[in-house]
Amino acid sequence: LAWSWELGRERRLIVLNLSDRPAQGMIRLQWDLMGDRPMELADPFTGDCFRRSSQELCERGLFVDLKGCGVYFFHIPG
């Protein structure tokens, strides 16, 4: 499952794996990301940080790989 929302230029994305087994998939983002600039998707709870280009996120989406019952809570600054 995935939810996203934005307030002004700040964005949040939550991705949940409700299975007890690992799961992978592409998350299509509906955000208007201008240009081809580097984006940092940071999870303040785990400390994980992923760097992707805004163009890649717009065109392909975000690939996620979660362990069983895993969660990502990304903060994406504007």
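This is a predicted model: local features need pLDDT of at least 70, side-chain atom pairs count only at pLDDT 80 or more; totals for chains, interfaces and linings use all residues.
1. Fold elements. The protein chain has one helix and seven strands. In sequence order the pattern is β-β-β-β-β-α-β-β.

2. Overall dimensions. The radius of gyration is 12 Å, close to the 12 Å that the globule rule gives for 78 residues, so the chain is as compact as a globular protein of that length. Along the principal axes, the C-alpha atoms fill a box of roughly 40 × 25 × 20 Å.

3. Surface and burial. The chain exposes about 5,300 Å². Carbon and sulfur atoms supply 53% of that area. Of the 78 residues, 29% are buried.

4. Contacts along the sequence. Take the contacts between residues at least 6 apart in sequence. Of these, 61% join residues at least 24 apart.

5. The nonpolar core. The largest nonpolar core has 15 residues. Those touching the most other members are Leu 13, Val 15, Ile 27, Leu 57, Leu 62, Phe 74 and Ile 76. Strands β2 (10-16), β4, β6 (62-66) and β7 (71-76) each supply at least two residues of this core.

6. Val 15 in detail. Leave out residues up to four places away in sequence, and Val 15 touches Leu 1, Ala 2, Ile 27, Val 64, Leu 66, Gly 70, Val 71 and Tyr 72. One of these, Ile 27, is also listed among the core residues that touch the most other members.

7. Glu 40: position. Glu 40 sits in strand β4, which covers residues 38-42. Its relative accessibility is 38%, so Glu 40 counts as partly exposed. Leu 18 lies 22 residues from Glu 40 along the chain, and their C-alpha atoms are separated by 25 Å.

8. Glu 40: partners. Beyond its neighbours within four places in sequence, Glu 40 is in contact with Cys 49, Phe 50, Arg 51, His 75, Ile 76 and Pro 77. With Arg 51 there is a polar contact, side chain to side chain, at 3.0 Å. Another partner, Ile 76, belongs to the largest nonpolar core.

9. Cysteines. The structure holds zero disulfides. Cys 49 is in none, and the nearest cysteine sulfur, that of Cys 58, is 18 Å away. Cys 49 is partly exposed at 32% relative accessibility. Cys 58 is partly exposed too, with a relative accessible area of 35%.

How values were computed. Residues are numbered from 1 along each chain as its sequence is written. Side-chain values use heavy atoms; hydrogens and water are left out. Helices (H or I, at least four residues) and strands (E, at least two) are DSSP runs, numbered from the N terminus. Buried means under 20% relative accessible area, exposed over 50%, partly exposed in between (1.4 Å probe, protein chains only). Contact means heavy atoms within 4.5 Å. A polar contact is a pair of N or O atoms within 3.5 Å; within protein, one must be able to donate a hydrogen and the other to accept it, and residues adjacent in sequence count only if both atoms are side-chain atoms. A nonpolar core is a set of buried Ala, Val, Leu, Ile, Met, Phe, Trp, Tyr and Cys residues joined through side-chain atoms within 4.5 Å. A disulfide is a pair of cysteine sulfur atoms within 2.5 Å. The radius of gyration is taken over C-alpha atoms; the globule rule is 2.2 Å times the number of residues to the power 0.38. Accessible areas come from the Shrake-Rupley method with a 1.4 Å probe; for residues, only the protein chains shown count as cover.
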